[in-house]
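Hello,

Here is the structure I promised to pass on. My notes follow below it.

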Amino acid sequence: MNENVRNPKMLRINSKPLAEAFVEEQIEKIKEQVKDGRVLLGLSGGVDSSVCAALLAKAISDKLVCVHVNHGLLRKNESEEVLGFFKNDLKDNLIYVDASNEFLDALKGVTDPEKKRKIIGELFIKVFKREAQKLEGISFLAQGTIYSDVLESQGVKAHHNVGGLPSELGFELVEPIKFLYKDEVRQVGEALGLPHKMVHRQPFPGPGLSVRCIGAITKDRLEAVRESDAILREEFALAGLDKKVWQYFTVVPPIKSTGIKKGKRTFEWPVIIRAVNSVDAVTATIEKIPYEILEKIRDRILAEVKGVNRVLYDLSNKPGATIEWE
Ligand code: XMP
C-alpha cells in the first residue's frame, strides 16, 4: 500500500473517545519509534505543529526540543504569542531563532509562487540543520504534516513541509498526525487538553504571509499585509466572526490603482479580504460577511495601513479558486 494513503479502515475521529484512543495509540507509537532519541520539532504555533508538540511532549517530555523560527513572514505579534504559550512547558527546550532577514533576502525579487515556497522550504532546512547541529544527539525530526498537506503536495501546490526534508537532514521523520484531516487534528488537540483558543486557531500556511504578499515580496507591501491582517482579525474577534469563520486573511497584490486622499491623487495597492468556511481545506465556500462589518474593516484599513487606497472582498469558492492566492 502507498505509505502516503490513509488506510480506509482507519476510523474517522468524530468523538472524544476516538480522539483519546488516537492519542494513546500515537503515544505508544512515538515511544516505540523514538526510544531514547531526541526529537526536534519546528513549532510555528499553528494548530498542526502545536498539537504535534503537545502529543510529543506527552510521549517523550524533555526529549523533545522545539525550535520556533521567525521567518519574517509571521503575523503581527505571532512569535511573542507562541513563545509565551509554550515557555512554561518546554522551558530550555524551546529555542527562538530570528531568521527574518535571511528569508527576506533570499526571497528578494522572486515572483513565482512555487519558487517562493521552495526557497522558504530550503531555508527552513538550513536553519534547522544549523540549530540541530548546536544540539546534542538529535536523530528525529517531528512534523505537523496533516493529510491535506500530503494530498496537496501530490497535486497543485508544493507545500514546503512535505517531502524532501528527511533525506536532506539525515533525520528520521516523526509524523504522528499525517493521516488526520483538519477537524480531526482539532479534536485530538482538545483530547490533549490544549486551550480552545489554540485548538480553534485558524490554519496558517507554512510559508506564512509570503503567499499573501503576491509576487516579489517587498518590506513595505509585506507590512501592508501584516497590518491589514491584524485589523481584520481584531474586527472579526469583536464581531464574534472568529468563532464562526474557518479561515480569514488579507492579500495585497503588486498592482496599484488611482485613488484620492485629502484632495490629492494617490497610486496605491488594494487590500483583498478573504474569509472562507471549510472542513478539510479541500473545498471551501465564502462567508457572507455583513456589510456593516466589512465597511468598518474598510475604514480602518484605509485609515491605518500605509500604501493602500482600496479594499476588496474575494467572492471565490474552492474549487475554482484555491483558498490562498498563491
Ligand atoms: P489552498 O490555497 O491550497 O490552501 O486552497 C489549502 C489550505 O492549506 C493552506 N496552505 C498551506 N499550508 N503550506 C502550508 O502549510 C503551504 O504552502 C500552504 N499553502 C496553502 C491554506 O492556508 C489553506 O488552509
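Where does Pro 319 lie? Pro 319 is in the segment that follows strand S10 (308-313). Helices (H or I, at least four residues) and strands (E, at least two) are DSSP runs, numbered from the N terminus. A cis peptide bond links Lys 318 to Pro 319, with omega at about 5°.

Before the rest, some ground rules. The model is predicted: local features need pLDDT of at least 70, side-chain atom pairs count only at pLDDT 80 or more, and totals for chains, interfaces and linings use all residues. Residues are numbered from 1 along each chain as its sequence is written, and side-chain values use heavy atoms, with hydrogens and water left out.

One more backbone point. Asn 77 is not a glycine, yet it has a positive phi of about 60°. Asn 77 sits in the loop between strand S2 (64-70) and H3.

Domains

The protein divides into domain 1 (16-199) and domain 2 (212-313). These bounds come from an automatic or database domain assignment. The C-alpha centres of the two domains are 28 Å apart. Domain 1 puts 18 residues into the contact, and domain 2 puts in 16 residues. Contact means heavy atoms within 4.5 Å.

Largest pocket

The volume of the largest pocket is about 900 Å³. The search used a 1 Å grid over the protein atoms alone; a pocket is an open set of points where a 1.4 Å probe fits, with protein on both sides within 12 Å along at least five of seven lines, and lining residues have an atom within 4 Å of a point. Grid points are joined across faces, edges and corners, and a volume is the space filled by probe spheres set on the points.

The largest pocket has 28 lining residues; closest to its centre are Lys 197, His 200, Arg 201, Gln 202 and Tyr 248. Helix H3 (78-90), H8, helix H9 (196-199) and helix H10 (219-238) each give two or more residues to this lining. By class, the lining has 10 nonpolar, five polar and 13 charged residues. Ala, Val, Leu, Ile, Met, Phe, Trp, Tyr, Cys and Pro count as nonpolar, Asp, Glu, Lys and Arg as charged, and the others, Gly among them, as polar. Domain 1 and domain 2 both give residues to the lining, so the largest pocket lies between them.

Second largest pocket

This one holds about 450 Å³ of space. Of its 16 lining residues, Gln 26, Lys 29, Glu 175, Pro 176 and Phe 179 are the closest to its centre. H1 and strand S5 (172-174) each supply at least two lining residues. H1 gives the most, with seven residues. The lining has eight nonpolar, three polar and five charged residues.

Helix packing

Helix H1 (residues 16-34) packs on helix H8 (residues 182-191) at about 80°, with axes 9 Å apart. Axes are lines fitted to C-alpha atoms, for helices over the stretch in contact, and angles run from 0 to 180 degrees between N-to-C directions. H1 and H8 are therefore roughly perpendicular (65 to 115 degrees).

Best wishes

Key. Parallel < 35°, antiparallel > 145°, perpendicular 65-115°, else oblique.
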